[in-house]
Amino acid sequence: MPEGHTLHRLAGELGTMFGGRPVAATSPQGRFADGAALLDGTVLESAEAHGKHLMLGFAGERWVHVHLGLYGTFTLGPGEAPPVRGEIRLRLTGPGGFADLRGPAACEVLDPIEKKALYARLGPDPLRADADPGSAWRRISRSRTSIAALLMDQAVVAGPGNVYRAEVLFRQGIDPARAGRDLSMAEWEAIWSDLCALMPEGVRTGRIDTVRPEHTPEAMGRPPRVDDHGGEVYVYRRAGQPCLVCGTEVRTAVLVARNLFWCPTCQSRSGPVSSTSPLAH
DNA sequence: CACTCATGTACAC
DNA sequence: TGTACCTGAGTGG
């Protein structure tokens, strides 16, 4: 489930598993053969993430930049790596275990200048200590684009994806169709601080849980429920089902080529201008 | 076996 | 705004 929390979690796990020691690198699939050969046997010095981008720092100022895209996965395990099955772009092995990368949108070696350039085009990441939410607010507060679309723009905010976008707007009661410039600064600050609470929890648990204790099915006197993506959420992929808070049918629409989910009753907070603006369709 | 879908992005037009 | 693409899991015939 590659939203930002996945990459930060991976950075931590890879750093723990391989950090400070030489790592064996191969590309069983062959599509990263040159890069793997360059890294093979060098020391992993650091592992970090910015938004959905993972950076593995190897000796010699070589950074492996990984972006999982829509369906990339990094599978880690202890001990010996299993026989190769399917397409493995990059396999790292060391005394601590193995890590297999499949299907990434990006897997490449960058120098420090290229790494810096990549970071420069990303918005603030709620999971990074150096994040400046003010830079995101400057863009949001001037934009006619919907807040739902702005939250998916990695140049505005880096890390949240389709799940966090839908869930944070629900938790803050904000209509996803509202233009960024019609949000108050207080509303943006509430979105940001909520992301700063939710996403570290995602890093810790490895899943996205957004349902407050008082709204769990148990607390609401409903049968227990398991969401098919592995976490407990209010609206993401729950179209047609009753809202956990008010019972209204959760709605869905395609916005900028992504599935958006929201509760039309709970998410009715409207700004001064766009209260009647329809969702793009 | 064929087909569909996905938590993302980049590029063409 | 459309579409191609990185791959695996799930579904249905």
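This tour of a predicted model goes from a strand of DNA to a pocket and then to a loop. Residues are numbered from 1 along each chain as its sequence is written, and chains are lettered from A and ligands numbered from 1 in the order in which they are written. In this predicted model local features need pLDDT of at least 70, side-chain atom pairs count only at pLDDT 80 or more, and totals for chains, interfaces and linings use all residues, while side-chain values use heavy atoms, with hydrogens and water left out.

**Stop 1: DNA strand C**

Of the atoms of DNA strand C within 4 Å of the protein, 55% belong to sugar or phosphate, and bases supply the rest.

Next, show the polar contacts (pairs of N or O atoms within 3.5 Å). At Arg102, a polar side-chain atom is 2.9 Å from a phosphate oxygen of DNA strand C. Arg31 has a polar side-chain atom 3.4 Å from a sugar or linking oxygen of DNA strand C.

**Stop 2: the largest pocket**

Now select Pro2, Glu3, Leu70, Asn162 and Arg258, which lie nearest the centre of the largest pocket among its 21 lining residues. A pocket is an open set of points on a 1 Å grid over the protein atoms alone where a 1.4 Å probe fits, with protein on both sides within 12 Å along at least five of seven lines; lining residues have an atom within 4 Å of a point. The space in this pocket is about 580 Å³, the volume being that filled by probe spheres set on the points.

Strand 10 gives the largest share of the lining, three residues. Helix 6 (162-171) and strand 10 each supply at least two; helices (H or I, at least four residues) and strands (E, at least two) are DSSP runs, numbered from the N terminus. The lining comprises ten nonpolar, seven polar and four charged residues.

**Stop 3**

Finally, select Val256, in the loop between strand 9 (251-255) and strand 10 (258-262). Val256 has a positive phi of about 50 degrees, though not a glycine. Ala257 is in the loop between strand 9 and strand 10, and its phi is also positive, near 65 degrees. Most residues other than glycine have a negative phi. Are Val256 and Ala257 buried or exposed? Val256 is exposed, at 61% relative accessible area, and Ala257 is exposed, at 68%; exposed means over 50% and buried under 20% (1.4 Å probe, protein chains only).

Definitions and conventions:
Nonpolar A, V, L, I, M, F, W, Y, C, P; charged D, E, K, R; others polar. Near = heavy atom within 4 Å. Polar contact = N/O pair within 3.5 Å; in protein donor to acceptor, adjacent residues only side chain to side chain.
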